[in-house]
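Dear colleague,

I am passing on the structure we spoke of, together with some notes on what was found in it. Please read them with the model open beside you.

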Amino acid sequence: MYQIAKNKLNELYGAISAREDLFLPVQKAGQTNYGLWTEEAVVDIDTLKTVKSGKDCFFPQSEVLYKSRYEGGKVSIDPAELQNQPFVVFGMRACDVRAVKVLDNVFLTDPVDTYYAARREHGTIVSLACKEPDETCFCKNFDVDAAEPGADVETWFVGDTLYWKSLTEKGETLTAFVKEALADSFMEADAAGEKAVAEEQATIRAIIEKLPLSHLDLSRFKPENTMELFDSPLWEELYKPCLACGTCTFVCPTCQCYDIRDFDGGKAGIQHYRCWDSCMYSDFTMMAHGNMRTSQLQRFRQRFMHKLVYYPANNDGMYSCVGCGRCVSKCPSSLNIVKVIKKLGGEGNE
């Protein structure tokens with residue numbers, strides 16, 4: 001384990017950025033999201049929850065897949081280059097690290113998504129433990145440990161010191177570089193430092209235990225209960241406040257739905273790009289014959305059945321919710337997955 005003073009973080013960012021692109025929470029237009037580090041960037045590493053997660057670094061909100069042109073009676077196709085340069089995503093919280101594993105199960109299984117796979121291959125994640133989890137957090141229900149966030153490197157703030165622990169080969173490579181580049185300020189932690197981290201972890205877990213949403217009962221969300229849950233009359237009650245705005249899907253770190261569209265650039269050709277989509281929209285899954293889900297109730301039910309039943313049934317029990325709480329805080333109708341769990345989950349929610 002290593003340590004560096006918090007007032008030396010700009011030196012750390014600069015050293016990493018000199019070697020490869022560095023993405024971390026930065027303020028822009030009054031919001032904090034992941035962005036490219038520059039010396040002018042307003043870094044907000046203490047933000048508990050960025051508006052959107054670091055998912056953007058691996059599965060961008062919009063990306064060109066290929067370009068095509070029709071010229072001289074011939075069609076030319078120019079595929080977009082795959083990510084081929086290393087980069088670092090710094091400051092991801094434990095819930096968002098778990099979310100990347102959820103995305104891995106989708107995009108890295110056959111047929112592998114080559115665009116996502118290239119970014120995962122070249123990206124190194126430096127996670128940050130949640131010093132002060134808040135009342136909208138419910139990650140503990142999904143076995144996410146906010147005090148031990150994992151990834152390639154995991155870090156903790158204790159007082160004015162950042163503690164750094166590498167966990168993977170990528171993490172070791174980055175650590176070796178930082179150690180060499182910042183020899184005067186990046187140093188091995190002593191026994192007192194390791195004890196301080198252990199105490200910080202205990203404090204974080206104690207906070208998590210006391211949060212109002214940390215002990216939800218998920219026991220009914222099992223494959224054998226699929227049809228019972230699907231046919232529950234409670235959906236009729238739950239969906240009605242939903243505005244179908246899609247906010248929940250765009251701030252969710254695990255949502256993976258996308259659409260593929262074309263932009264006609266005239267003589268410059270056509271850009272074929274993909275962009276995030278939302279299962280809450282009426283035109284989602286629209287086909288020639290129409291839409292399979294013709295009501296908002298059906299679309300609402302699909303979103304939460306996928307998070308809590310369908311996905312875990314196909315991924316060894318792993319839920320595709322990580323309890324980050326973004327939908328809890330951002331839904332304009334105060335409607336979110338916690339309310340669904342409380343209504344449809346086990347008796348412990350009553």
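The notes below take up a sheet, a surface patch and the cysteines.

This is a predicted model, in which local features need pLDDT of at least 70 and side-chain atom pairs count only at pLDDT 80 or more, while totals for chains, interfaces and linings use all residues. Residues are numbered from 1 along each chain as its sequence is written, and side-chain values use heavy atoms, with hydrogens and water left out.

β11 is joined to β12 (residues 270–276) by seven bridges, and aspartate 259 has cysteine 275 in β12 as its bridge partner.

Tyr66, Tyr70, Val75 and Ile77 make a nonpolar surface patch of about 470 Å², to which β4 (62–71) and β5 (74–79) each supply at least two residues. Isoleucine 77, in strand β5, counts as exposed at 59% relative accessibility (exposed is over 50%, buried under 20%, partly exposed in between, with a 1.4 Å probe and protein chains only).

With a disulfide taken as a pair of cysteine sulfur atoms within 2.5 Å, the count comes to zero. Cysteine 245 has its nearest cysteine sulfur, that of cysteine 331, 6.2 Å away, which is too far for a bond. Cysteine 245 is partly exposed at 37%, whereas cysteine 331 is buried at 19%.

Best regards

Conventions. Patch = residues over 30% accessible without salt bridge, like charges linked within 9 Å, V, L, I, M, F, W, Y side chains within 5 Å. Areas by Shrake-Rupley, 256 points an atom, 1.4 Å probe, with all protein chains shown as cover. Salt bridge = Lys/Arg side-chain N within 4 Å of Asp/Glu carboxyl O. Helix = DSSP H or I, 4+ residues; strand = E, 2+ residues; numbered from the N terminus. Pairing = 2+ DSSP bridges.
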